[in-house]
Amino acid sequence: MGMPQKIRCEVVRIINHGGNVYSLKIKPERPTPHFQPGQFMHLAVDPYEPGDFWPESRVFSIASSPTKRDHLDITYSVVGSFTTKMEQKIQIGSEVWAKFPYGDFIIQSKSDVVLIAGGTGITAFTAFLERLNPDQEQSVSLFYGARNQELLIFKPLVERKLEEVKTLSAWYFIEEGELDEKERVLSGRLSVQFILPKIIHPLNSDFYLSGPPAMLKKLSLDLKSQAIMPEHIKIDAWA
Amino acid sequence: MSKREDILKLVREYYQQKFANRSFDPQHDLVHYAGRVFDEEELVNLVDSSLDFFLTANRYAEDFEVSFANFLGVSNAILVNSGSSANLVALTTLTSPKLGDRRLKPGDEVITVAAGFPTTLAPIVQNQLTPVFVDVNLGDYTAIPIQLDLAISEKTRAIFMAHTLGVPFDLDAVMGLANKHDLWVIEDNCDALGSLYHDRLTGSFGHLATCSFYPAHHITMGEGGCVVTDNDELARIARSFRDWGRDCYCAGGENNTCGKRFGQQFGSLPEGYDHKYVYSHIGYNLKVTDMQAAVGCAQLNKLPSFIETRKKNHKAITEILLQYEDKLVLHRPTKNSDPSWFCYVVSVREDAGFTRNELTRFLEANRIETRNLFSGNLLRHPAFEKINRRVVGNLENTDRIMHNTFFIGVYPGIEETHLDYIASVFDRFFKGERV
């Protein structure tokens, strides 16, 4: 983890994905500190004066690439009082404060990698996916679930990388709405019963899980019940 | 204008009244070996920080750490309350169980020198490691490279040495040896901030490096120091040792930075025990205040000019002393280095016809401050005489330094008038004048 810094930022773009899910692009007043894919930031929307105590904030995975140091992207779902305040208060031009980088949910595996993302949890993987090279030898399998097609927000990124990276494979899951099996969009929730048969060497792979707490709890228990060792299961869990 | 701006304007006026426009009077003033050099910006920052009244490390500490890491070209700078604390934290970091088999364990050997400051050595002893001493060159006062080779044994795990008084040790040899034998390297960079080796700043070569901000050093914050590293894992461990040994990395006054404060399980603690009070190391509290960091921020802006002045003064003293080279060993850089000199080191030759103490007594009597090369030979001090150690050779030069070596200042407070005065005093001594 690099040295966390507090940086004043301006909100320059808001995307309403529907279903109370939003993406923000924020512009820091100076180049961002170095961070790694999978790390997260604290976002504060209340006024902050350097030298005072840090205000109430919430953590969000940094969805943008570490190589783009002039902006930061986050995606959030309105699920509690803080994100409700974000939805109500944040407008284009709003001043917010970011404090980062934090976290060790960093994909450093030498073995095959399995990424399991639920909803906005995909943002823990987007910078990693963006960084994948065409000559990538390591196998990366992504299982990406959301409520409906529209909330598979980062599907275009995944599709683009699938074109570029032969060792990347992906499956999508939606809980409601129309299916499109040609597009590998399947019905239902992410499940270990579906995931494990798709993995060539499941016992030698590292599983990275990011998403709602209930999903993380269930999938990690199910993976362990299928003889996946705990040290091969990494969870992006925020309490 | 706000009250705060009023206060800071008055501080600037106070600086002018109290500290500005001081001139050197050789009849009364000391030629210090070192000292704080500052202007109104240090005072303004100090008062500005005090008006925040956050007291513990905050915005100035954050600014300093970021700027200092950028200066050295590393990813992490960890402020501590002294250079000695930095040495303690850096060496102790390598004992962390989090490093698994790579950790230093009691009985492992660490190569170092005896001609130096005690707090390079002390953390080795305090961590029950075995120091292995090599001798140093006269003139640059850094480890003799061939002796480093001879010091290696099956137990050798690390090299921890200072760039003595600004002169980079042979980093080609040290890093080559470290790579060959898989050793940790800590650069004690306390006296060498701004020194270059192959045009790269010292402090950026080793796994860890340390700096000091005591007033005698290149920049100051009163008491202060820093551990730097380009290794995020080592940085997190170092912060833990600095901050009571805790596992949590929240800054003072912050909570749940990791987002998992009540969501983890450690040791045999119950699931969800408050991470803020989980301890993964037996640590210390070696943090700085934001007031110290505030002074450091203003000093850091001046560092490039300080380095240049030190080099200029060192060169001037070489020119003064060159005529006495048959009696004195002059201070010189190591190959491939461009030192940011801490001071000017002189060794009196064995056949000079006078002793080190005769010369330093004369200089001191004429208000030119001198200092010995710190401990001379650390192994001859009461605290270290009986420590468990291994010695390569007989430390012949180290003992010579103990008897014959001293230094005078080159710090940025020394100006042309001081240099002229230093030249005149040496001239009088070499014409036979004594006290």
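Two strands count as paired here if DSSP finds at least two bridges between them, and the helices (H or I, at least four residues) and strands (E, at least two) are DSSP runs, numbered from the N terminus. Everything below comes from a predicted model, where local features need pLDDT of at least 70, side-chain atom pairs count only at pLDDT 80 or more, and totals for chains, interfaces and linings use all residues. Residues are numbered from 1 along each chain as its sequence is written, chains are lettered from A in the order in which they are written, and side-chain values use heavy atoms, with hydrogens and water left out.

**View 1. An open sheet in chain B.** Four strands of chain B line up in the order β10-β12-β15-β13, with antiparallel pairing. β10 (328-329) and β13 (371-372) of chain B are at the edges with a single partner strand each, so one side of each has no neighbour in the sheet. Look for B:R371, which stands opposite B:F407 in β15(B); β13(B) and β15(B) (residues 405-409) pair over 2 bridges.

**View 2. Helix α3 of chain B.** Here is a handy length check: the expected span is 1.5 Å times one less than the number of residues. For the 14 residues of α3(B) (residues 59-72) that should be 20 Å, and the end C-alpha atoms are 20 Å apart, which agrees. Its buried residues (under 20% relative accessible area, 1.4 Å probe, protein chains only; exposed is over 50%, partly exposed in between) include B:Y60, B:E62, B:F64 and B:L72. After the helix comes B:G73, with a positive phi near 75°.

**View 3. Where chains A and B meet.** The contact (heavy atoms within 4.5 Å) takes 24 residues from chain B and 23 residues from chain A. About 1,900 Å² is buried between the two chains, 49% of it on carbon and sulfur atoms; this is the accessible area (1.4 Å probe) that two parts lose on being put together, summed over both. There are 5 salt bridges between the chains, each a side-chain nitrogen of Lys or Arg within 4 Å of a carboxyl oxygen of Asp or Glu. In one of them, B:E62 joins A:K6 at 3.0 Å.

**View 4. A salt bridge within chain B.** B:D108 and B:R157 form a salt bridge, their closest N and O atoms 3.2 Å apart. B:D108 sits in the loop between α4 (83-93) and β2 (109-113) and B:R157 in strand β4 (residues 156-162) of chain B, so the pair ties together parts 49 residues apart in sequence. B:D108 counts as buried at 11% relative accessibility, and B:R157 is buried at 17%.
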